[in-house]
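Hi,

Here is the structure I said I'd pass on. Have a look at it first, then read my notes below.

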Amino acid sequence: MPAHEPLRRPGRRLLSGLIAALVVLAVAMIGTGLANAAVSDPASLVDTLVGTSNSGETFPGADTPFGMVQWSPENTRGDQTHTVEPGGYGFDATRIRGFSLTHMSGTGCAGGYGDIPFYPHVGPVTSSPSSDSSDSVYASNFSHANETATAGYYRVLLNSGVNVELSATARTGSGRFTYPGSGAAAMLVRTSNSEVGSSAASTTIDVANRTISGSVTSGNFCGYINTVDRRSYYTLRFVAVFDKPFSVTGTWRDGTVTQGSTTSSGGTTYGTNGFPPAGRGSGAFVSFDTSAGRTVNVRVGISFVSNANASANLTAENPAGTSFDTTRQRAHDAWNSALGRIAITGGTTAQQATFYTALYHALLHPNIFSDVNGQYTGMDQAVHTVTAGHAAQYANFSGWDAYRSQLALVTLLRPDIGSDIAQSLFNQATQNGGVWDRWTHGPGGTHVMTGDPAHAAVPFIYAFGGTNFDAGPALDSMLNSARTVTQADLSRDGWNVMVVGERPSLDKWLSLHYIPTDGNAWGGAGETLEDSVADFGISQLAQRLGRTSVSQEFIARAQFWKNVWNPNAAGGVGYIQNRNSNGSFASFNPANDDGFAEGSAAQYLWMVPFNPRALFDRMGGDTTATNRLDSFFHNPDGSFALTGAGGLHAEMDNEPSIGAAWLYNFSGRPFKTQDTVRQVVNTLWSTGPGGIPGQDDLGAMSAWYVWSAMGMHPLAPGRAELLLASPLFPQVVVSRSNGTTITVNAPAASASARFVQSLRVNGATSNRAWLPESFVGSGGTLDYTLGTTANTSWGAATADAPPSFDSGGGTGPTNVALNRPATGSTPCNSNETPAKAVNGSVSGGNSDKWCSLVSGTRFLQVDLGSTRSIVSFTVRHAGAGGEGTNLNTRDFDIQVSADGTNFTTVARVRGNTASVTNHPMPASGRFVRLNVITPEQGTGGAARIYEFEVYA
Ligand SMILES: [Ca+2]
Ligand SMILES: [Ca+2]
C-alpha cells in the first residue's frame with residue numbers, strides 16, 4: 001500500500017519509513033546473534049494458490065494490499081456462462097479463458113466482478129468469442145507445473161504456448177505476454193464477460209495510440225438466488241495501453257464478428273435465471289505486429305468513475321516507460337511493507353508460509369475504490385470526492401464476515417486504514433439514504449446475509465484506535481437506523497439470503513424484544529443474536545463518545561438475546577431457540593438450522609461474544625458450560641470434531657462457530673481454548689490449494705487464523721480486550737502504524753507446546769487469559785512459558801475471567817410500570833380501569849384494558865414510585881387485545897414528569913395504525929403519562945389501551 005496511496009501526509013510516510021528501517025536494523029542485529037531471525041521477506045512466503053481448492057474460493061492473481069485491481073485467471077470447465085468458482089479459479093479446472101482485472105477472495109454465491117477478461121490467443125479470430133459458449137476455441141489448458149503464484153505476481157505458461165505474466169499497482173495492472181514463435185499473436189478483450197454477466201459493455205480500439213478502452217456495467221452478486229440482486233450497480237472503465245502496434249483489429253457482438261471494426265457494444269444480460277445466456281456479449285480483438293519481438297507488454301488502468309480517471313490512475317501509478325519488472329518489484333515491496341507489520345521468528349517454513357498467506361488474504365479487502373484524484377462513485381451512483389484527512393474510499397464490505405475479527409486486525413496494523421474504512425462505511429450509508437447495507441459490492445448494496453454488521457464493525461474499528469472519522473455523525477446515523485422502522489424493514493423482499501431491510505422486522509425487535517419466527521429476517525433466533533451484537537457495538541461507541549444514555553439504551557437492547565434463550569429446550573438442556581410472535585417457542589432440534597443462517601442451533605448457541613457470563617449462568621454455570629463446549633468440539637470418543645461432524649458439533653470452517661473456541665477462557669478452563677484453537681490452527685489450515693477449510697469470505701477466515709496463530713483474539717466487536725491462547729511462534733512482533741509495538745515472546749513455542757504454563761505482561765506475572773484494552777492502545781510485551789501439558793490452574797480463578805458486558809441489573813430492561821398505581825380519565829365502566837393497562841396482560845378479553853369515552857384528550861398516568869432512567873415505551877392498542885385494528889389509537893403523546901405536575905412530551909405519534917407501538921426514547925422521570933388525542937382510526941370513539949409499558 002505505501003507505494004501508491006494518495007494524499008498521505010509526507011511526515012507520516014517519512015516516520016513509517018524510519019520505523020521500518022529501524023525494524024530492519026533490529027532484525028539484522030538479532031540475526032547476527034541467533035539461529036532464528038525474524039522473517040525478512042514475508043511476501044516471498046505467500047502462496048496465492050492456497051485456498052483455490054477445498055472451497056476456499058480464493059484467487060491466485062496479482063494485486064497489492066486492498067488494491068482496486070486483482071488481475072487473475074478465469075478458469076473454465078467448458079461453460080462460459082458460469083464461473084468455475086466464485087474466485088474465478090478452481091485448482092482442478094486447468095483451462096483458462098481469460099485474465100480479468102477484478103476479483104473477490106473467498107466469496108460465495110456465483111462469484112462477482114471478474115471484469116474485463118483479457119485472453120491472449122494464438123491464431124486468427126474468425127468466430128465470435130461470445131459464441132464459444134463451451135470455451136473450446138478461445139481458451140487454453142495449462143499445467144500447474146507451469147504456474148507461479150505469489151504476492152503481487154502471477155505467471156502461467158498456457159499450453160497454447162503463450163507465457164502470461166501479471167502484476168499490479170493499486171489501480172493498474174501490468175501484463176507481459178510472450179507469444180510462441182509462430183501464429184498470429186492476438187489479444188481478446190472480452191469486455192462483457194464479467195463472472196456473472198453484464199447489462200452493458202462497450203469497447204473502442206485506438207490504433208494510433210495502441211490503446212483499447214471501454215467499460216462494463218455489472219453487479220448481479222447472488223442475483224441468481226433472488227431478483228432483488230439481479231441488477232447492475234457499477235460501471236468499471238478501463239484503458240489498456242500496449243507496447244506493440246496492432247496489425248489486425250476487429251470486434252464482435254453476440255454471434256457476429258466484424259473484421260476491421262474498432263468499436264462494439266452490448267452486455268450479456270442476466271438471462272432469465274441470473275446467469276448470462278450463452279452466445280451474448282461483445283468485445284474487441286487485435287493482433288500484434290510482432291516484427292520487433294514476440295513479447296507484448298500492456299499497462300491497464302481502471303476506474304469506477306470515468307475513462308479519464310482510468311487514464312489518470314495509469315499515468316500516476318504506472319506511467320509510460322514503467323517496466324513490468326519494476327511494477328512487479330513495487331508490488332512485492334508493497335506486500336512486504338504490509339505483511340512486515342507482523343514479524344514472526346521461528347516455526348517451520350510451512351507454518352511461516354501458512355501464516356503470511358493468511359495475513360495476505362486478510363489484507364485484500366475491502367478495496368480502495370477512489371481514484372488517484374480522490375473521486376469515487378457513491379452508493380447514490382453520483383461522483384463524490386474523498387474528504388480531507390482520508391487517503392481513500394473503500395468498497396466491498398462482506399459485513400457478516402468482516403465484523404467478527406478482520407476489521408479489528410486491519411485496524412490493529414493500520415489504524416489509519418481502519419479509520420478510512422469506517423469513514424467509507426459511513427459515507428456509504430449517507431449516500432444510501434441512511435441505510436448501512438450489510439454486504440456492499442462496489443457502490444451497490446446487496447443486503448446479503450444477516451444482522452446489521454456495520455453497527456458492530458464501526459465501533460470495533462474505533463475500539464482498536466481507528467478513530468479518525470466522523471464518529472459522532474456516524475453514531476447518529478446508526479441510531480436512526482436502529483430506532484426507526486422503515487418500509488424496507490417491514491418487507492420480506494429478498495428473503496431469505498438478501499432481505500432488503502437493514503434491520504429486518506425492527507418493529508418486532510422494538511416491541512417483542514426479539515426477532516420472531518415469522519419475522520422478515522433469515523432466521524429469527526440468529527437475527528436476534530446478530531442484532532444483539534450490533535446493538536452492543538452501538539452501546540460501546542456511544543460510551544466512548546460520552547453519550548451515556550444512548551449507551552445505556554443500547555447495552556440494554558444488546559441483552560435481548562436472553563429472550564430467545566429457552567431453558568426447556570431439548571428436554572431442559574437449554575438453547576437459543578427460534579421463538580414465535582406469541583411468545584411460544586418453535587419446534588426444535590439443536591442439530592438443524594431452523595431460525596439460523598448457515599449454522600445450527602448448537603453452533604449459534606455460543607454467539608454471545610460480549611456476555612458469555614450470562615449465557616453460562618443460564619446453562620447452569622461454568623462446569624456445565626465447559627461440558628457443553630467439550631461435547632461441541634469433540635466426538636463421543638474424545639477426538640476433536642472441528643468440521644463435518646454434524647449439526648451438534650463445531651464447523652470451524654464457517655463464521656458462526658469460530659468464536660466459540662475462545663469461550664473456555666470465560667469458564668475457567670483457558671487450557672481448553674489453548675488446546676482447541678491450536679488444534680484448528682494445526683489441522684484445518686496449511687500450505688497448498690486445500691489450505692483454507694472453507695470460503696475465506698474476503699479474508700475473514702484468514703483473519704481468524706492470523707489472530708489465533710498469534711495466540712490472541714478480540715473479545716467482542718466494539719471492544720479491544722484480547723482473549724489469549726498460546727502463540728504458534730517463538731516470537732511475534734506487531735508494529736502498528738501509529739508507532740506502538742506489541743511483542744510476544746514464547747521461546748518454547750512449537751506445534752506440540754500448546755499449553756500456557758505462565759505469562760508475564762510487561763514483566764509482571766499475570767494469571768489472566770486476557771488483556772485489557774490498554775494493551776492494544778499502548779502496546780507492550782508478553783512473555784509466555786509454554787509446555788506440552790496443561791496448567792489447569794492458570795486463568796482458572798473466577799476473578800481472573802475476562803469481562804462480560806451485561807446491562808445494569810443483568811436481566812435487560814424491565815417493564816417498571818407493571819402493576820404500578822395508575823390513574824386516568826373516567827373509565828367506560830368499572831371493569832376497564834387504568835389499572836387494567838398496567839396489569840401485564842392483553843389476553844384477558846375485551847375488559848383487559850383501560851377504556852375512556854370522555855371528550856377531548858384522555859389521559860392515563862402511572863407512578864413508577866421513583867425516578868427511573870427510561871429506555872423505551874411500548875403501547876398495546878385495541879388490536880393487541882383482539883379487538884378490531886380500526887380501534888387502534890390514532891394520535892397520542894407520551895410524557896414524563898419528575899413531580900406529577902410538570903410534564904415533558906417525549907414521544908408524539910400521529911396517524912398510527914399499528915396494534916403495538918414501541919417508542920425507544922431515553923427519558924428520566926417518576927410519572928409517565930399517555931395522552932390519547934384521537935382514540936380510533938375514525939372520528940370519535942373510546943380510548944382503548946390494553947397495556948402501557950415503560951422499560952428501564
Ligand atoms: Ca463462511
Ligand atoms: Ca392489560
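First, how elements are named: helices (H or I, at least four residues) and strands (E, at least two) are DSSP runs, numbered from the N terminus. Leucine 698, for example, lies in the loop between H18 and H19. This is a predicted model, in which local features need pLDDT of at least 70 and side-chain atom pairs count only at pLDDT 80 or more, while totals for chains, interfaces and linings use all residues. Residues are numbered from 1 along each chain as its sequence is written, chains are lettered from A and ligands numbered from 1 in the order in which they are written, and side-chain values use heavy atoms, with hydrogens and water left out.

**Calcium ions**

Starting with ligand 1, this calcium ion is coordinated by Asn654 (OD1), Glu655 (OE) and Asp697 (OD), at 2.2 to 2.4 Å. Donors here are N, O and S atoms within 2.8 Å of the metal (3.2 Å for Na, K and Ca), and water is not among the atoms, so sites may look incomplete. The spacing of the donor residues in sequence is N-E-x41-D. Glutamate 655 sits in helix H17 (residues 655–658) and aspartate 697 in the loop between helix H18 (670–683) and helix H19 (700–709), so this pair ties together parts that are 42 residues apart in sequence. Glutamate 655 is buried at 2% relative accessibility, and aspartate 697 is buried at 7%. For those words, buried means under 20% relative accessible area, exposed over 50%, and partly exposed in between (1.4 Å probe, protein chains only).

Back to leucine 698: its phi is near 55 degrees, a positive value in a residue other than glycine. Leucine 698 is buried too, at 3% relative accessibility.

For ligand 2, the calcium ion is coordinated by Lys836 (O), Asn839 (OD1), Ser841 (O), Asp848 (O), Asp848 (OD), Tyr946 (O) and Glu947 (OE), at 2.3 to 2.7 Å. Along the sequence these donor residues are spaced K-x2-N-x1-S-x6-D-x97-Y-E. Asparagine 839 is in the loop between strand E36 (822–824) and strand E37 (850–852), and tyrosine 946 is in the loop between strand E42 (943–945) and strand E43 (947–951), so the pair ties together parts 107 residues apart in sequence. Asparagine 839 is partly exposed at 28% relative accessibility, whereas tyrosine 946 is buried at 0%.

**H11 against H12**

Helix H11 (residues 524–544) and helix H12 (residues 548–557) pack at an angle of about 160 degrees, with their axes 8 Å apart. Axes are lines fitted to C-alpha atoms, for helices over the stretch in contact, and angles run from 0 to 180 degrees between N-to-C directions. H11 and H12 are therefore roughly antiparallel; angles under 35 degrees count as roughly parallel, over 145 as roughly antiparallel, 65 to 115 as roughly perpendicular and the rest as oblique.

On the H11 side, Ser532, Asp535, Phe536, Ile538, Ser539, Gln540, Ala542 and Gln543 meet Val550, Ser551, Phe554, Ile555 and Arg557 of H12, where contact means heavy atoms within 4.5 Å. Seven of the 10 residues of H12 are buried, so this helix is largely enclosed by the rest of the structure. The buried ones are Val550, Ser551, Glu553, Phe554, Ile555, Ala556 and Arg557.

Glutamine 674 is found in helix H18 and is buried at 1% relative accessibility. Not counting residues up to four places away in sequence, glutamine 674 touches Ala725, Ser726, Arg754, Phe755, Val756 and Trp794.

Threonine 357 lies in helix H4 (residues 349–362) and is also buried, at 1% relative accessibility. Neighbours within four places aside, threonine 357 is in contact with Leu45, Val46, Asp47 and Val50.

**Backbone points to check by eye**

- The peptide bond from histidine 365 to proline 366 is cis, with omega near -5 degrees; proline 366 is in the loop between H4 and strand E19 (367–368).
- Tryptophan 495 and asparagine 496 are joined by a cis peptide bond with omega about 5 degrees, and asparagine 496 is in the loop between helix H9 (471–483) and helix H10 (506–511).
- Glutamine 381 has a positive phi of about 65 degrees although it is not a glycine. Glutamine 381 is in the loop between strand E20 (375–377) and strand E21 (383–385) and is partly exposed, at 44% relative accessible area.

Cheers
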